[in-house]
Amino acid sequence: MASPAPILTLRRVGKTFPNSVVALDALDLEVRDGEFLSLLGPSGCGKSTALRLIAALAEPSRGEVVWRNGESEPSASHTIGFVFQEPTLMPWATVSANVSLPLRLAGTDLHAAAARVAQMLDRVGLSEFASTYPRELSGGMRMRVSLARALVTDPELLLMDEPFAALDEITRFRLNNDLLALWQALGKTVVFVTHSVFESVYLSNRIVVMTPRPGRVFTEIAIDAPYPRDESFRTSAEYAGYCRKTSQALAAAMAQEASA
Amino acid sequence: MNGSLAAWLARPQALLRIVLPILLLALGIFAWHLVVAINDIPPYVLPGPMLVARTLVADWPVLSASLAVTLLTTFEGLALAVGGGIGLAILFNQSRLVEYSLYPYAVILQVTPIVAIAPLLLIYLPQQAAVLACAWIVAFFPVLANTTLGLNSVDHNLVDLFRLYRASRWQTLRHLKLPAALPHMFGGLRIAGGLSLIGAVVAEIAAGSAGAGSGLAYRIAESGYRLDIPRMFAALMLLAATGIVIYFAMSLISHLVLRRWHESAIAREP
């Protein structure tokens, strides 16, 4: 597969926090149109910081984030969808009110918004829970609501910050499958932060392995297995091979810190 | 509502929580009656419960008029405190400079004993306004402090989400901060309701003037001067009952608003 044009490039991006912790140091990263990119690394390698910089929720201390149109910030408020580590739902609002939030903030016409929300809830399989409050849902269902909310504005880029880390394995596998199905159906570009080798191999076209403290790109691994991927891929020798290769890369990245 | 109330009452724990205090009250009243009857205590020292009840009925025209005055002051004070407290908390939340400038004075207003302020207010303001001001001063701070805390304890990820979607200040306040602050606000309201009554009572006693517009606290002071101890007790009971009703009214409003989503309002399986 020839690499498509990047929709976003990080050039020598560094981030130092006020407590003088260097989270990122000279990170070079291209996010290509339509790909499923995973940032893999141990905790504290600045993966989440990288996502926040892309989303313009934080300013880089050094270097620059450049979008396709040459801007340093996404062109519109609906360009990016963000799924946090926790579902981050408003507990006082129903599922449909939570999902429609981005549209309401953008001042979308109520009628159009309702149709769009219903469509997204249907996509994540939560149509019958539209008027339920978040506390009445399971952890996995809350994450689905969060995913529906991130996709409701039809963003170009979906940023996901270890979204399934707190879920049990069965729920996580199911959400992985559903996420892949959504990605294929909607054709979004995804940047997915994780510390799980197995999750990153299962989901991605491309894995960027990062070194810890300060975060930097250690190596890049292309996962050329075709989609759709399903349980047979998860149990295949090919999958096991990629996992071994990725694990070795991650171990080498972490050894770098020890020697530094 | 009725269904859930019935279900709630059906639980033995819940029933005990109602029956036990009532039982204790009955025992206390009976003991009171016995002490008065056995020792033959004259009513100007300690009236028995029956006499207090009879006085409550006999003096109802006077007492109810005073109750109405005190209630009106209390609710006006509370309404002003809620409006002012929430308004100022929002202002503090929007501007650090305003918060830094004004917060110390809000604290000073709170920590200075209201009993000491009341006589001064009575010099500069007409009596009714002074009483209202006292009710407002004491009720105002808990609303302000709790609302401020609520507005500041919003989930940081949700704040990021609102920034991501480039929400305006007004949108963030309306859709995020105010709803998130509601539980704290109601906590403040519950305290403020009782304090507003206390403020009104303190000011009425400090004012100490008779006439058509005099509240329950004045009735207590007046009855004290006249050694009409049964009426003192009757007025005191009415004040206590008012306080209890206000507290439960605030709790009920809080429950009705929060019951769908906030942990504090959700009944758990035993």
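Modeller: Here are the ground rules, then your questions.

Modeller: This is a predicted model, where local features need pLDDT of at least 70, side-chain atom pairs count only at pLDDT 80 or more, and totals for chains, interfaces and linings use all residues. Residues are numbered from 1 along each chain as its sequence is written, while chains are lettered from A and ligands numbered from 1 in the order in which they are written.

Colleague: Which residues touch the most other members of the largest nonpolar core?

Modeller: Ala148(A), Leu159(A), Val191(A), Cys134(B), Ala139(B) and Ala203(B), out of 133 residues. Such a core is a set of buried Ala, Val, Leu, Ile, Met, Phe, Trp, Tyr and Cys residues joined through C-beta atoms within 7 Å. Buried means 20 or more other C-beta atoms within 10 Å of the residue's own, with C-beta atoms placed from the backbone; exposed is 12 or fewer, partly exposed in between.

Colleague: What is Leu159(A) in contact with, leaving aside neighbours within four places in sequence?

Modeller: Leu51(A), Ile54(A), Ala55(A), Ile80(A), Gly81(A), Phe82(A) and Val191(A). Contact means C-beta atoms, placed from the backbone, within 7 Å.

Colleague: Now the chains. How many residues of each are in contact?

Modeller: 14 of chain B with 16 of chain A. On the chain B side, helix 8 (156-164) and helix 9 (169-207) each supply at least two residues. Helix 8 of chain B gives the largest share, 6 residues. Helices are DSSP runs of H or I, at least four residues, and strands are runs of E, at least two, numbered from the N terminus.

Colleague: Where does helix 9 of chain B bend?

Modeller: At Leu182(B), by about 50°, and Pro183(B) follows within four residues. The bend is the angle between axes fitted to the seven residues ending there and the seven starting there. Gly208(B) follows the helix, with a positive phi near 60°.

Colleague: And what are the domains of chain A?

Modeller: Domain 1 (6-79 + 156-259) and domain 2 (87-154), with bounds from an automatic or database domain assignment. Their C-alpha centres are 25 Å apart. The contact takes 11 residues from domain 1 of chain A and 9 from domain 2 of chain A.

Note on methods: Two residues are in contact if their C-beta atoms, placed from the backbone, lie within 7 Å.
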